[in-house]
Amino acid sequence: MLEHKRLFIDGAWQQPSGQGFAQVINPATQAVIGQVPLGDERDVDRAVAAARKAFASWSRTPSSVRAGYIRDLVEQLTARANDMAAVITAELGMPVQWCRAVQVEGPIAGLAQYVEIAGLMDQVREVGNSRVVREAVGVCAFINPWNYPLHQLIGKLAPALAAGCTMVVKPSQETPLHAFLLAQMIEAIGLPAGVFNLVSGPGAKVGEALARHPDVDMVSFTGSTGAGVRVAQAAAPSVKRVCLELGGKSPLLIAEDADLAAAVRYGVQDVMINSGQTCTALTRMLLPASRYAEALEIARAETESLIMGDPLDPQSFLGPMCSAGQRRTVLDYIRIGEEEGARLIAGGAQVPGALERGFYVTPTLFADVDNRMRIAQEEIFGPVLCLIPYRDEAHALEIANDSPFGLSSGVWAGSTERAVELARHLRAGQCFVNGGAFNYQAPFGGYKQSGNGREWGEEGLAEFVETKAIQL
Ligand code: NAD
């Protein structure tokens with residue numbers, strides 16, 4: 001049991017004001033594996049006050065010194081990567097086959113780049129009679145989801161530290177344990193008190209209190225579009241900066257001249273990794289009508305070959321859903337898809353008997369999906385892939401962009417040049433071409449209802465920067 005009874009505020013583990021604890025459940029075993037405090041508004045006030053007090057000196061600390069703390073944190077995370085991966089597998093259910101590389105090593109690489117990027121804060125631009133300088137936004141609140149918990153936390157913390165901001169972090173109720181481990185590392189590197197504060201608790205209480213707090217200068221939120229809208233509303237009266245990283249329903253456009261087997265297998269795996277609980281998952285696969293039947297067979301074979309099971313088994317490709325609630329949501333969407341007339345060609349609501357314990361959902365494929373169906377318009381956030389036929393490329397682009405979301409996209413075509421041409425027509429913040437990999441140095445964020453912020457790389461730093469014009 002990982003029992004956390006205190007909150008990390010002002011550089012020390014402090015008794016919470018909030019009463020009670022949230023239990024953390026291992027979604028594969030349904031056993032209670034830990035607990036964290038249910039913080040409240042008074043905890044938020046104390047954490048924000050500590051962050052405010054620390055801001056004055058932290059924001060004026062030389063960028064090279066701030067970069068040194070980032071380097072120290074990289075070392076801590078690297079040394080304890082196995083512990084971090086074990087915690088995330090236990091609280092999220094992501095199989096060991098993926099967890100360390102995806103959930104820990106990726107974020108470490110993302111963090112490490114800010115050792116260099118911190119130096120950009122010293123850049124001064126001369127324009128006419130002005131000197132334009134960069135300064136930190138101030139006290140930041142970070143509200144995060146559960147699906148890539150360390151990745152989302154580092155995506156905010158790293159540029160904020162580099163810029164000279166201080167922060168209050170609220171992890172998700174489902175996966176808070178990694179944030180407590182990270183706080184221990186922050187303590188170990190001796191980051192000045194108040195720069196990093198951790199308050200766990202419910203979104204409606206701790207999250208909202210942070211979003212509306214008059215002494216918070218910026219809120220960076222990652223999560224569902226509905227909660228993001230509420231955060232923006234709560235933040236509006238104090239005119240704080242709001243960075244939203246929200247949901248998605250991303251298309252993978254497979255062109256007629258694509259290597260069909262490679263493209264379809266990639267598309268299936270992209271959705272099924274982390275059991276479909278990936279904001280960028282390419283959950284609408286657009287297939288040329290001329291090759292549709294062939295593609296369905298490849299997709300079915302690939303889906304049925306993926307092993308679902310115990311996250312601790314190195315053979316498992318998929319684990320369970322993160323929570324009982326998420327499992328219910330996904331099963332509801334499978335029922336909705338059947339009612340809407342989509343053709344179930346793999347998976348469905350049944351789970352193999354051996355996996356009755358744990359929040360498992362069988363990888364599921366729906367064929368003959370009309371893009372206007374709910375299963376094609378709404379984010380399911382589970383291992384469910386919609387296969388949609390198109391007539392020609394114009395039709396494919398029309399379907400691809402017919403979505404309230406615009407987080408990610410993919411194109412697979414016979415040549416990179418042709419794929420990039422198609423990518424330029426897609427209204428989304430990312431496009432993965434012919435299986436291109438995620439790049440921590442590139443900006444990440446959404447168009448439309450997928451959000452308004454950018455994380456990672458230099459654009460990630462820019463979110464935390466105020467520019468000041470000094471007229472000479
Ligand atoms: P969620 O919106 O339910 O919760 C996200 C966080 O917000 C949690 O910490 C929660 O406690 C908090 N919260 C909830 N209501 C709040 C409120 N009214 N005020 C303040 N805080 C509140 O999302 P989730 O179920 O944890 O995560 C899944 C969602 O996150 C999906 O929609 C997914 O697409 C999205 N997501 C987006 C990205 C991205 O970078 N764009 C990355 C990962 C996940």
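The lining of the largest cavity comprises six nonpolar, six polar and three charged residues; Ala, Val, Leu, Ile, Met, Phe, Trp, Tyr, Cys and Pro count as nonpolar, Asp, Glu, Lys and Arg as charged, and the others, Gly among them, as polar. The model is predicted: local features need pLDDT of at least 70, side-chain atom pairs count only at pLDDT 80 or more, and totals for chains, interfaces and linings use all residues. Residues are numbered from 1 along each chain as its sequence is written, and side-chain values use heavy atoms, with hydrogens and water left out.

On a 1 Å grid over the protein atoms alone, a cavity is a set of points where a 1.4 Å probe fits but cannot get out, a pocket is an open set with protein on both sides within 12 Å along at least five of seven lines, and lining residues have an atom within 4 Å of a point. Points are joined across faces, edges and corners, and a volume is the space filled by probe spheres set on them.

Three cavities of 30 Å³ or more are found.

| Space | Volume | Lining classes |
|---|---|---|
| Largest cavity | about 80 Å³ | six nonpolar, six polar, three charged |
| Second largest cavity | about 60 Å³ | five nonpolar, five polar, two charged |
| Second largest pocket | about 220 Å³ | six nonpolar, four polar, four charged |

Of the 15 residues lining the largest cavity, Pro251, Ala400, Phe405, Gly406 and Ser408 are the closest to its centre. Helix H13 (393-401) and strand E18 (405-406) each supply at least two lining residues there; helices (H or I, at least four residues) and strands (E, at least two) are DSSP runs, numbered from the N terminus.

The lining of the second largest cavity includes Lys249, Glu379 and Phe381.
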